[in-house]
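Please open the model in your viewer and keep the selection panel at hand.

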Amino acid sequence: MTFYETEINRIKKICFSNDKQLETVISLRNFIDNNFEKEINLKFLSHTLLTSKYHLLRLFKRYYGITPKQYLTIRRLEKSKEYLKKGMSVSEVCYNVGFNTHSSFSTLFKNKIGLTPTEFQKKQLSQNHSR
Amino acid sequence: MKVQGIGIPVLDQDRALKFYTEKLGFVKKHDVPVSEGNRWLTVVAKEDQEGPEVLLEPAPNNFEPAKIYQKALKDAGIPYTQFNVNNVQEEYERLVDLNVTFSVKPTVMGTVKIAVFDDTCGNYIQIIETL
């Protein structure tokens, strides 16, 4: 067994031995992946996953390094980019990924991606034309 | 300042190009002769050809410490870098069918699944899927 394999086994035992916790956070992440366009009700989800809302938040942060809300935003922005590349209008994208207002979507998009949704789409389209 | 790509030291650029394109599925982006048989050789993901480039650099053959470092990592089984995939198990099966050798078979490690293969050019490379 290599040094790396030994380390994998050692770290697994120390950090990832609680299967129930892992199952809970992975279920939450999968739920967000499949319902990113909806409002996520953590209180309801924590009941379903048989834990408290704050414990669920702490667990998610512990295993993924970000909160469920941050993950939801990342997921929505990824999906936005995908829809914009396909040529969907900015307004359609905004509501299809679950943002309530055009301005909150555009501001967040610009902050995280570095371009407004319109600029991003134009850039993508020009790249596609030049290929 | 922005990230344009990452470098991977390879023992043989011809073999690396063949492996990274024919087995892994990357696409050649730049191939510029530099000097003494060395090339500025980069590949990109087929589905993201404007994305980060992987520079297949001939450092181990031109700079002894690079060769020593690469060998030390390889001997310890430590991956030089990692690539994200949607499904580690499927990618593992696809690559095994292409006679790629794995040092670590698909393994769940908390909220990720990993596997490690030999790139035949002096490195182990890890593939990773977030669960």
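**Stop one: an annotated span in chain A**

Begin by selecting residues 26-123 of chain A, which an unreviewed UniProt entry annotates as "domain: HTH araC/xylS-type"; UniProt positions follow the numbering used here, feature names are shortened, and annotations may be inferred rather than shown by experiment. This is a predicted model, in which local features need pLDDT of at least 70 and side-chain atom pairs count only at pLDDT 80 or more, while totals for chains, interfaces and linings use all residues. Residues are numbered from 1 along each chain as its sequence is written, and chains are lettered from A and ligands numbered from 1 in the order in which they are written.

The end C-alpha atoms of residues 26-123 of chain A are 35 Å apart, and the span is 73% helix and 0% strand (DSSP runs, numbered from the N terminus: helices are H or I of at least four residues, strands E of at least two).

**Stop two: a sheet in chain B**

Now move to chain B, where 4 strands in the order β1-β4-β3-β2 form an open sheet with mixed pairing (two strands pair if DSSP finds at least two bridges between them). Select β1 (5-9) and β2 (27-33) of chain B: each has a single partner strand and stands at an edge, so one side of each is left without a neighbour in the sheet.

Finally, pick out Lys28(B), whose bridge partner in β3(B) is Val43(B).
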